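Hi everyone, thanks for coming. Please have a look at the sequence and the model on the screen, and then I'll walk you through some of the residues in it.

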Amino acid sequence: MNQYLALCQRIVDEGVWVENERTGKRCLTVINADLEYRVDNNEFPLITTRKSYWKAAIAELIGYIRGYDNAADFRAIGTPTWNANANLNEAWLNNPYRKGEDDMGRVYGVQGRAWAKPEGGSVDQLRKVVDNLKQGIDDRGEIISFYNPGEFHMGCLRPCMHTHNFSLLGDTLYLTSFQRSCDVPLGLNFNQIQVFVFLALMAQITGHKPGIAYHKIVNAHIYEDQLDLMVNEQLQREPFPSPQLEINPDIRTLEDLETWVTMDDFKVHGYQHHPAIQYPFSV
Ligand SMILES: Nc1nc(=O)c2c([nH]1)NC[C@@H]1CN(c3ccc(C(=O)N[C@@H](CCC(=O)O)C(=O)O)cc3)CN21
Ligand SMILES: O=c1ccn([C@H]2C[C@H](O)[C@@H](COP(=O)(O)O)O2)c(=O)[nH]1
């Protein structure tokens with residue numbers, strides 16, 4: 001929690017105003033942030049200085065794991081977070097590749113589970129990583145990348161957290177995740193949870209101990225209409241200790257994640273938090 005607050009404070013103190021064309025808003029911006037999550041100690045990185053809707057963040061991750069490309073599927077497992085990008089962005093609404101209401105196009109999980117091969121067919125990046133890790137193999141390329149510039153024109157948004165690189169040291173699994181662009185008040189609250197849970201789940205289904213998750217962010221920003229709430233509300237509050245995450249131990253395989261897992265399979269213990277803050281969202 002302290003590293004999150006330190007990043008917020010750093011943006012406020014040292015950030016530079018950058019005009020963003022896509023949203024038409026200015027962002028207070030810093031470059032480069034390195035965050036670490038102790039999955040081994042089960043220090044769940046939930047924001048405590050406001051209420052965090054952590055189930056929605058996990059639901060988003062499960063949607064990526066399943067390769068969802070539709071905001072309705074995300075809603076069905078418990079998160080409304082893709083509604084706006086699928087249905088309210090003018091450029092995407094006018095895009096000929098959009099297949100109708102709620103379609104997100106070839107984003108995130110589609111690339112992770114079905115990266116199109118030039119000769120036809122597709123690559124299931126996640127399956128390959130799971131299969132290798134299960135056999136104790138780390139070929140130094142246990143990478144899942146959602147970043148496919150050849151298909152950006154076929155999706156509603158370029159992936160922000162774009163690459164997840166797993167590593168094995170003995171029987172301990174590590175994750176290094178890369179993010180090109182980060183909406184610190186809204187997105188990072190979710191992305192921290194997702195990096196933590198991705199490592200915890202992958203360790204559980206491949207039979208390893210979870211180690212540390214490293215989260216590397218390039219452009220970290222606060223939108224102009226979020227700044228007042230950040231400075232005068234959230235940064236005025238004292239954080240509480242980290243809660244713990246409990247994952248249903250019956251989740252044993254990738255197929256389990258693809259089929260029966262719901263948000264009821266995740267529980268958080270000891271979550272003390274300050275009241276909710278509703279930050280504006282930029283489409
Ligand atoms: N501008 C922007 N920021 C983002 O963080 C973001 C995007 N766009 N587009 C794609 C996804 C969607 N994500 C989102 C979208 C909405 C919330 C959000 O509104 N969160 C609220 C509550 C959500 C709920 O009720 O479940 C929050 O207070 O955290 C968070 C992340 C993260 N990403
Ligand atoms: O997981 C996510 C997804 C998106 N974001 C934020 C970062 C930016 O504010 C926008 C995306 O805009 P771009 O113009 O494509 O950079 O969404 C996030 O923080 N986390």
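**Salt bridges and some buried residues**

Let's start with a pair of side chains: arginine 127 and glutamate 255 form a salt bridge, with 2.5 Å from N to O. By salt bridge I mean a side-chain nitrogen of Lys or Arg within 4 Å of a carboxyl oxygen of Asp or Glu. Arginine 127 belongs to helix H7 (residues 125-134) and glutamate 255 to helix H10 (residues 254-259), so this pair ties together parts that are 128 residues apart in sequence. Helices (H or I, at least four residues) and strands (E, at least two) are DSSP runs, numbered from the N terminus.

Before going on, a word on where this comes from. This is a predicted model, in which local features need pLDDT of at least 70 and side-chain atom pairs count only at pLDDT 80 or more, while totals for chains, interfaces and linings use all residues. Residues are numbered from 1 along each chain as its sequence is written, chains are lettered from A and ligands numbered from 1 in the order in which they are written, and side-chain values use heavy atoms, leaving out hydrogens and water.

How many salt bridges does a search of the whole structure find? The search gives 17. One of them joins the side chains of arginine 26 and glutamate 224, at 3.5 Å from N to O. Arginine 26 sits in strand E2 (residues 25-38), and glutamate 224 in the loop between strand E8 (209-223) and helix H9 (227-232), so the pair ties together parts 198 residues apart in sequence. Arginine 26 is partly exposed at 31%, and glutamate 224 is partly exposed at 33%.

Another salt bridge pairs arginine 106 with glutamate 151, at 2.5 Å from N to O. Arginine 106 is partly exposed, at 25%, whereas glutamate 151 is buried, at 12%.

Now to cysteine 160. The UniProt annotation "active site", from an unreviewed entry, covers Cys160; such annotations may be inferred rather than shown by experiment, feature names are shortened, and UniProt positions are given in the numbering used here. Cysteine 160 lies in the loop between strand E5 (142-145) and strand E6 (161-169), and with 17% relative accessibility it counts as buried. Which residues does cysteine 160 touch, not counting residues up to four places away in sequence? They are Tyr108, Phe178, Gln179, Arg180 and Ser181, where contact means heavy atoms within 4.5 Å.

Next, glutamine 226, which is in the loop between E8 and H9. Glutamine 226 is buried, with a relative accessible area of 0%. Leaving out residues up to four places away in sequence, glutamine 226 touches Asp183, Pro185, Leu186, Tyr279 and Pro280.

Finally, the wider view. UniProt, in an unreviewed entry, places "domain: Thymidylate synthase/dCMP hydroxymethylase" at residues 2-283. Over residues 2-283 the chain is 32% helix and 25% strand, with the end C-alpha atoms 28 Å apart.

Note on methods:
Buried < 20%, exposed > 50% of the residue type's maximum accessible area, 1.4 Å probe, protein only.
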